[in-house]
Every structure is written in C-alpha cells, then in structure tokens.
Amino acid sequence: MRVNEKYSTLPAEDRSVHIINICAIEDIGYLPSEGTLLNSLSVDPDAECKHGLYLRDGRRKVDYILVYHPKRPSGSRTLARRVQHSDAAPAARGTRQDQPLPGKGDVGAAGGPEPPMDYHEDDKRFRREEYEGNLLEAGLELERDEETKIHGVGFVKIHAPWNVLCREAEFLKLKMPTKKLYHINETRGLLKKINSVLQKITDPIQPKVAGHRPQTTKRLSYPFSREKQHLFDLSDKDSFFDSKTRSTIVYEILKRTTCTKAKYSMGQGKGRKKDSALLSKRRKCSKYGITSLLANGVYSAAYPLHDGDYEGENVEFNDRKLLYQEWASYGVFYKYQPIDLVRKYFGEKIGLYFAWLGVYTQMLIPASVVGIIVFLYGCATVDENIPSMEMCDQRHNITMCPLCDKTCSYWKMSSACATARASHLFDNPATVFFSVFMALWAATFMEHWKRKQMRLNYRWDLTGFEEEEEAVKDHPRAEYEARVLEKSLRKESKSKERRHIPEESTNKWKQRVKTAMAGVKLTDKVKLTWRDRFPAYVTNLVSIVFMIAVTFAIVLGVIIYRISTAAALAMNSSPSVRSNIRVTVTATAVIINLVVIILLDEVYGCIARWLTKIEVPKTEKSFEERLIFKAFLLKFVNSYTPIFYVAFFKGRFVGRPGDYVYIFRSFRMEECAPGGCLMELCIQLSIIMLGKQLIQNNLFEIGIPKMKKFIRYLRLRRQSPPDHDEYGKKRQRYEADYTLEPFAGLTPEYMEMIIQFGFVTLFVASFPLAPLFALLNNIIEIRLDAKKFVTELRRPVAVRAKDIGIWYNILRGVGKLAVIINAFVISFTSDFIPRLVYLYMYSQNGTMHGFVNHTLSSFNVSDFQNGTAPNDPLDLGYEVQICRYKDYREPPWSEHKYDISKDFWAVLAARLAFVIVFQNLVMFMSDFVDWVIPDIPKDISQQIHKEKVLMVELFMREEQGRKRLLGTWMEKDRKKDEPCNSHGPQAGLDSPEYPGGAL
C-alpha cells in the first residue's frame, strides 16, 4: 500500500505546525474520508487545548492516546525518510529539514556524515506511519506531539469524529437511549411504605451523585442505527457518546486496523542482512494492529484519557473528581458506592466487580453478627464446660506421657488448662449451628448476587447483550497470530520440498513474504491444534505438579522445624519457657508459613502467567480464563495447605508411646494438645488470614504503587530539564496519565477476594470471627481499590460484560467445598462427636463428667523403646509408672494391650455418619434456597417485557406514520395530475402507457 503525504504550509503566525493530508489509494472497506495529522515540532503551551483533553483547535476531544519513543540518528536522515514518498515541493522539504529534533539540540550540520542507521528503529517508524495512515483511512483524526515535558516520549492524539462514532456504534450494536420515556412500575401498598422508610433511613449513607436514587422513569434503549437516528435525542452530539463509549469505539478501530508491511521486508540494501531478525518481529504484526504493535514495541503504550484532575482548587468539575470525592475517599467508607457512575466512567466489567464486592461486603454483616454471637456464647459458657474444668482441676493429678523423646519429660494435664479453656470458645455446640448457617449464607449470597446482577443488567441496558455479539470483536491475540503464521510458512515450505519444486526467484519470494505479512491465504485455514500445544500442555502439567510438590515440601519443612524447636525448648532450664513451648512453636511456625505464603503467591502468579502464555490461547477471554484457573489452583494450594495439615493430619498418624511414627527416622510426629487441634487450627487460620489481608492486600497495594510512583518521579527528574517542577505543573493530561500505572486487569482483585471467601467459609467452624475480620478488611478494600483506579492507574478501556464470568463458578465450587470441609472439621478436628458419643453411650449420669478420662489411654513406662525414655524421669518429683496419652487403646494390663479399642470404632462410625448426614442435609438446604429464590426479580422481568412491548409499539407507529406520509404524497401527486388530464384527454387516450386515458 503506497502512502502519499502532502504538506501544506500554515499561515505565517504559526509556522511550528504542519498539516499533513494522507490519502490512501487502497480501499480497506471504509468510505473515503480525509483526516488531518498535526505534527507539532515545537513547544506550544496552547491554552485552548484545555490541558491536553482536546486537540489544538480546542473543540475536538482526545479520545485515545498512542505513545512511542522517537529515536532518530540525525535530523536529515529522519526528515528524508519522512518525505521520501512525498510529492511536495523541494522548498517545503527544505523547511522541514531546517527544524531541530524534538527534545534535542542541533545534532550537526545537514551535510555532515550520517551516523549508522538503526534498522529496527527505522522499521518501527515505518510501521507507525503506515498504521497511522490506515487509521486516517478509517476516519480517525490524529495529532502528533513530540515536544513534551517527558524526555524521549512522543504522543499521538486520536479523535473520532461524529460519522465514525455513528458507524462504529452501529457495528458494535451499542444500545443508546432513545427519545421515548416510560414509567417504571412502582411498588404499592405496604412495600411502598417500607421502601420510603428505608430510603429516609439510608439517606445519610447515600452518595451525593445525580441519578443514584431509584428512578421513576427510564429511557427506552435501542441498538444505534444511522438509518434510525430520528429515534435518538441528538440535540447535543458532543455528549451523546460519553468518553467511555468514545474510547471503546476508538479501541475497536485500533484493534482491527492492520499493519502488514515493514520497510525492510523486501531486503533493500543494508536492511537485507536484518531480514531474519525483522521477520520474527513482523510476524507478530501479521494481522491485527494495536495489540501486536504494543507487543512489538512499535508503540510503548495506548490508553484513553482521564476526564481531568481529581483534586485542586481551580479544577473543573468532572466525573473523575466526583468519583474521588464520593467513592475513592476513606472519609465516605460508610456510604454506598455510586455504582452507576463507576460503570459510566470505567465500563460494565469494572462496575460489576465493585458491585459484587459491595454485595459481598453487605452480606458479611449478618455473618459477622452471628459469628460474634457464637463467640460470645463460648465466652459465656467457658466456666460451665465440664471437660475443661476437669483438665484444669489439679486434684485429678493426671500425668501425661512425654511430648518428645529423651529431652521431654512427663507433664501434668493441668498445665494445659489455658489451652483447654480457649478451645471451648471455638469448640462448642454453637459452632455446628454456625457451620450450617454459613453454608446457607453462601447459597443466599450467590442467589442475592444473581438477582442484583440482573437488576444491573436492566439498568445498564445489557438484557439483550450476548457473548456472541462480543465474539464479533474478539480478535485473536498477537502471539496466536504469530504462531499461526509460523506454522503456515513451515507448512508451505514442507509441501514445496515434497513436490521438489526448484527455488523461486527473488522477486517471487519477496511477493510471498509480502503475502504472508498481510495474513492473506496462508493463515485463512491454519489454526493451532492440540498437537501444536502438546509440549506446552506437558510443561504446564509438570510445572503445576512441581509447584504443588514445592508447597508440600515447605509445609514438611515447617513440621520438622516445629518438632525440632519443641525438643530444643524442652531442654531449656527456664520453667516459663518450658511451660509455653506449644504456644511459642505454634506462633513462630505460623509466621513462617505466612511469609512463605506471601512470597510464593507472587511467584506463583508469575509462573501461572508464563504457563498460560506458552499455551498460546487464541483470544483474550480464553487467555484470562486459563490464567485464572492456574493462578487460583496454585494460590489455593499455597494458602490452605498449612491449614489442611493442622485440621486433618496433625495428630492422626503419631502412633503411640513405645511405637511412635518418625519422619526420616529422626523426627517424631507431633501431637495435638489434650483439648484437640481445633485451637491450633484457629490460631493458624487467624494469623494467615489477617496477615494476608494486612500485608498483601493492603500494605502491598498502598506501598508498591507509591514506591513505583516515587521511582518514576526520580527518573523523570534526572531526564528532564532543571526546571522539572515548573514543567510538571504545566503537564498536559496525556503526559500526566502516561506516568500512571497501566491497568493490569481485575484478576488480582478478584483473586484476593476469592481466597478471603475461602477463609470465611471453608474453616468457619474453627474461627467464627472470620466474617468479622473479612468485613473490616473489605470496608477498607473497597475504598483502597477505588482510590487506586481513580488516582494511581491509567484509565482502562471500558469492556462490556453482563456477569463476573468464571469467578461465579469458582465461588459456587468454594461454597460446595466448604460444606464438606466443615463437616470433616466438626467431625474429626473438634471433640463434638466424641462428646456426643460419650454422653449418650458411656456416661453413667447423663453428664460430661469423666469424659477426659474416657478419651485418655494408659501406658506403662517400662514399655518405652530403648533410647526414647525421658532423661529426667523424676522431673515431677516422683517416679512415674503409668502415663496417659490421648487415644482409644487397650490398657497395658489388657490381654491385647495397646490395640485399638472398640470405643475408637464407635466414635469413628459416629464421625462418618455425621459427615454424611451433615453434608447431604446442608447441600439439600442450599439447593432448596437456590430453588426458592428466583434468579430474575419479578419486577425486572416485567420491566423487560414492558420494554419489548413498547419497542414494538414504537416501530408500529413509525411504520404507520410512513404509510400515512406516503399516502399523502401519492394523493398530492394524483391531484396534480388530474388538471393535466382534463385539459388533454386525447393525449391520455393515445398514450400507450395509459390506454383509455386511465391513470
């Protein structure tokens, strides 16, 4: 495609700007349109551009920004390259060559020796010119600015005129509000009074945003059509398409605009030596534009602009400032979120995330209240708990067996009194009720969200939106196109070798490369199959298994640390140290687990992204779903493996005194405390949950962006002129946005909330206060994320979506898994089932007296293996003959001493029965809740039906109006023809078209 550049000189008062009209010969499917490329060659702080939000004329909005790094070897070389295809006069070219380079001084005289050419950079410049020429053909208007406050950075400002917006809105089937207004059905009677009372109560916590209140009227929406523009209110064309919609339209054009050529693809001169290197880069630019150009480094960034500044005295009021005041400020943490304004500014996908986060946070309020009540119930009944009272009673004089070999001695059960009393706070009958409640809460939360989602779909005109419509613009990723092109070239080469066709001439080879670069014919029928991805699948499987094995190995290392540390502390001469061995070991081990989890989370996130990239998914949606699955799997295992160990494995495989189980034949497996492992599970869960929320979710999200911003500030200060601070005050909007962090997607935000949801539901039987801490975290998290989106990130491209995607399925899976895990925690980790069995099968008086003694077995110290008996058997001041340990085994005086007793099997049967009953009962109740609550609210379904009826009536009236208008015109024509026929009857009779004079 040949690009012709024509330069026209501006008036004398503004010689720093040249207007370039680029007219393309080749048609790519659009109506011919003329664009204007304004190339600024000097610093011009034009006040009319309104701080970079408009082009230089001060009227046309900047809808999108492309950023690149202009690197030129010399002024003469660059300018000669720019006009090599120009038909302009030599005088015009001479004036261009006299200009100094942007951001640099005079490099040298024009007649001086030319420095060596960087063919890669020249290739990028050529592609930028071709791509921008194609954008002009598509109807966009461009303006370039290379003399910026940021050293070595150039900007291309893009504006979409009205005709382009209309064309693309019709192509994308964007629903726009029509002139037709209709009344929304309001509740009546008692519900109306309740709603009015609730509105008055909640008025102080409502954001001060227009349109946030429930509306009584709504505009009928219809997919935009240029043929039906009369249906829409086009009185103000500048505001008909808001900034979010305009940037979305421009981004769709940028994605599908092709870049198919490179300057050195033909092997011209010295560039011929670079063909092999350039070919690999050009392949990434084979079919679709901006994604491949960004991946290739042709452009360094592409983003829409924020609406303006969010703070300052003289700042014009805009949606960004309103969001900052009513949403992204910690001072409004008690208020509802202005979700409609969030959607208007950031798009439906981000709006749905914050809406889901708000619903989740609201639903945590009742869960937190019930959790606090359960905890207070445990505190109120701790003094009435008979088992803990028996353990604390020193009159029982129960001597326990050593906790480790040699260095540990015998100990009194009463020394674990504090642990036993604390265990009752979380191990009481109320926790069973709370587990059932949380399972139903999870089901109710999912149903409530589905209903809220439908209401948002109705309000945001997404009821007719389907994923198939998105598939029209779901372009293949640049990496996928590159792999397909490589495969097609390889396939063609092999087929030519099989046919033994001689090598083609150089000209034909050049033509074939050009065809390949354009993505024509070669890649039409070629796609990646499972055979192409098989090495990547194997790598994924091996890597994931290896990462999970690493997690298990780290947990095993922490176990060995706990065992060895407990043995080392037991040798300490201080009684206070020895009495707090269990607490010290547990706390330090959990902190180690927390640090490892936080570090591995970051590592696993990078590994999951790399594994997804080597699979080469075709579309961005497929890439995101595969990345989410891998990242969630790895982070789930990383976060919950230490907790699973304490809940289900610790104390299960320790053996018995005289026959313990050892790791590596050296480390004896650790035991649970006499009160069970539930207290330790609670400590583990609380520290990991609170630590992740405080460090990873909050400090990292606040600290890392601040640190990056400070580093960028220092870098700019080094690169910019000495008056950097003065320049910073005058920066244009696109320059200020360039210094912000690019938007990296919602996956990290969803991921941390899903992991938290797992902490709240999976092990809630051991930690009823988990919903409360999650609620407190989320109140901060909402404002933290909001502030990050408004102040720290570049404005993301708005994406239409009607749901939260794969995250909903993950939430449902976690909710179902929570029922099973809580059933096993209650049954096997807590003492709830052993107490019930003792109460109804073994208690002589129907009370819990004697329960502790019933759960302890006896051991004769003479049966210790050689080298395992305590070094100081008289540590308690007397000789021990029989020590006790927690298990259901036969006593040493029995015929089958130390064998598992029948009590063990009775308790095991009861535990398994409880798991089956609990799981099925709660699953049934959850499914019942799912069935009872309809997914679509009744009023919303009625409104959707009403919209369809009104739309049909509107088109019927329009059709009838056309018929009446046509009939009127025909009647007027007939009346005009009648006088002519009355004056000339013979002409009518003789007319061959109207025989007999009939009309």
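**Exercise 1.** Find which residue's side chain is joined to that of S858 by a polar contact, and decide whether S858 is buried or exposed.

*Solution.* Begin with the side chains: those of S858 and R884 are joined by a polar contact of 3.3 Å, a term for a pair of N or O atoms within 3.5 Å in which, within protein, one must be able to donate a hydrogen and the other to accept it, while residues adjacent in sequence count only if both atoms are side-chain atoms. This is a predicted model, in which local features need pLDDT of at least 70 and side-chain atom pairs count only at pLDDT 80 or more, whereas totals for chains, interfaces and linings use all residues. Residues are numbered from 1 along each chain as its sequence is written, and side-chain values use heavy atoms, with hydrogens and water left out.

S858 counts as buried because its relative accessibility is 11%, where buried means under 20% relative accessible area, exposed over 50% and partly exposed in between (1.4 Å probe, protein chains only).

**Exercise 2.** Locate Y888 and determine whether Y888 is buried or exposed.

*Solution.* First, Y888 is found in the loop between β17 (882-886) and α31 (902-932). Then, since its relative accessibility is 12%, Y888 counts as buried. Finally, the C-alpha atoms of Y888 and H854 are separated by 8.4 Å, although these residues are 34 apart along the chain.

**Exercise 3.** Decide whether I201 is buried or exposed.

*Solution.* Start with helix α5 (residues 190-201), where I201 lies. With a relative accessible area of 59%, I201 is exposed.

Terms used:
Helix = DSSP H or I, 4+ residues; strand = E, 2+ residues; numbered from the N terminus.
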